[in-house]
Structure formats: structure tokens, C-alpha cells
Amino acid sequence: AQKHKKNEARNLISKKTNFVFNVVLLIGCLLTVFPLWIIIISSITSESALTTYGYRLWPLEFSTTAYSYLFKGGSIIMTAYKNTIIATLAGTVISVVTVGLYAYALSRPDFKYKKFFTFFSFFTMLFGGGMVSYYNMTRSVLGLKDTVWALFLPMSFSAYWVIIMRTFYQSSVPEAIIESARIDGCGE
């Protein structure tokens, strides 16, 4: 019981330190909320007032023009949400499947070309082709210009995640489980 009280006493901080921590956290909260507040106020301010007077903490002229424009073209918003959801879901599934399959092969000790494919994957992390070659490959070779596939397909494979997942397989899937599965008639 006495040891528990000593540990509680060590965890207590003084009132001055508590006050300083609260002030620092309050400043951090204000610095986080301030840009959001400016965006909200700018969205309900008329465009002429923004051009003339700049950004304010409170709007000089209220206007809902931005919102009426936004919801008048409601299809734009729905298209943006649809593209975001498709890119997120499909990109995640494709990335997990491709990275998982590649990493599993690299995690097996009896894979003949393990060193080559590990080096091949690692080498692509070190040297990127650059933006121009990436754009040309996406547009011309893959034919993804003006398609939703261009949002996620080129980035669906990551050498970094291959190495992370390979390490996960090596440390989490013991060889005994693989051997017992083979005895029961399972393949890779």
C-alpha cells in the first residue's frame, strides 16, 4: 500500500506545471481551430467583401452564394464522393492482395528466387522514375488517362509495405503450421 502511494505521489504534478501545460495545450487547440474558423467564415462571406477587405474573424457581408453554387451542381459533390469511395475501397483491396501475395512468396524460405525479388522490390524504393516518367507510364502505357483507375491503380503496390508484410509473415506464421497444412493436403 505504501509503495502504491509513492507511485501516486510521483505521478502528481504541481499546480504551476499543470497551468503551463494547460496554457500550451490551449494555444495548440487555438492554432488548430483558427484555420478551420477562417475557412468557415470565408465560406459565408460575399466574394466582393473577401476581395476588398480580405479574411476576417467575422464576415462583413453574409452570403450563401458559395453554398448555393455548391449544391446547385450537386452532381459534382456526388461524383467527388463516389470517386473517393471507389478509390479508397478498390485501392485498399488491390493493394492488400498484391502486396500480400508478393510478400508471402518472399517470406517462404524455400522460394528459389527470394533474394532476386527482394532486391528488385527494395531497389524500386531507392530509385524512383520521377514525375514525368510516372505520368507517361500511367497515361500512355497503362491507358489510364481520364479514368477512375488512375486514382489508385498506379499506387496500389508499395515496396515498403512488401518488406513490412514479409517480415510479418516470417515472424507470425511458423513453419510448423505450413508443414502441418501440407500433411493435411493443403498447397501454397
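Biologist: Which residues line the largest pocket?

Modeller: This is a predicted model. In it, the largest pocket is lined by Thr124, Met125, Gly128, Gly129, Gly130, Ser133, Tyr134, Pro154, Met155, Phe157, Ser158 and Ala159. Two helices, α6 (114–126) and α7 (131–141), each supply at least two residues of that lining.

Biologist: What makes a residue part of the lining?

Modeller: A lining residue has an atom within 4 Å of a pocket point. Thr124 and Tyr134 are among those listed, so each meets that cut-off.

Biologist: How much space lies in the largest pocket?

Modeller: About 300 Å³.

Biologist: How do the residues of the lining divide into nonpolar, polar and charged?

Modeller: Six are nonpolar, six are polar and none is charged.

Biologist: Why is Leu144 called buried?

Modeller: Its relative accessible area is 8%. Buried means under 20%. Leu144 has 8%, so Leu144 is buried.

Biologist: Where is the place of Leu144, and what is Leu144 in contact with?

Modeller: Leu144 sits in the loop between α7 and α8. Leaving aside neighbours within four places in sequence, Leu144 contacts Thr138, Arg139, Trp149, Ala150, Leu153 and Pro154.

Biologist: What makes up the largest nonpolar core?

Modeller: Five residues: Val99, Ala103, Leu106, Val162 and Tyr169. The elements giving two or more residues to this core are α5 (74–107) and α8 (159–172). α5 gives the most, with three.

Biologist: Why is that set called a core?

Modeller: A nonpolar core needs buried residues joined through side-chain atoms within 4.5 Å. Val99, Ala103, Leu106, Val162 and Tyr169 form such a core, so each of them is under 20% relative accessible area.

Biologist: What does Val162 touch?

Modeller: Not counting residues up to four places away in sequence, Val162 touches Val99, Tyr102, Ala103, Leu106, Ser121 and Phe157.

Biologist: How many helices and strands does the chain have?

Modeller: Nine helices and zero strands.

Notes: Residues numbered from 1 in each chain as written. Predicted model: local features only at pLDDT ≥ 70, side-chain atom pairs only at ≥ 80, totals over all residues. Heavy atoms only, no water. 1 Å grid on protein atoms, 1.4 Å probe; cavity = no way out; pocket = protein on both sides within 12 Å on 5 of 7 lines; lining within 4 Å. Points joined across faces, edges and corners; volume = space filled by probe spheres on them. Helix = DSSP H or I, 4+ residues; strand = E, 2+ residues; numbered from the N terminus. Nonpolar A, V, L, I, M, F, W, Y, C, P; charged D, E, K, R; others polar. Buried < 20%, exposed > 50% of the residue type's maximum accessible area, 1.4 Å probe, protein only. Contact = heavy atoms within 4.5 Å.
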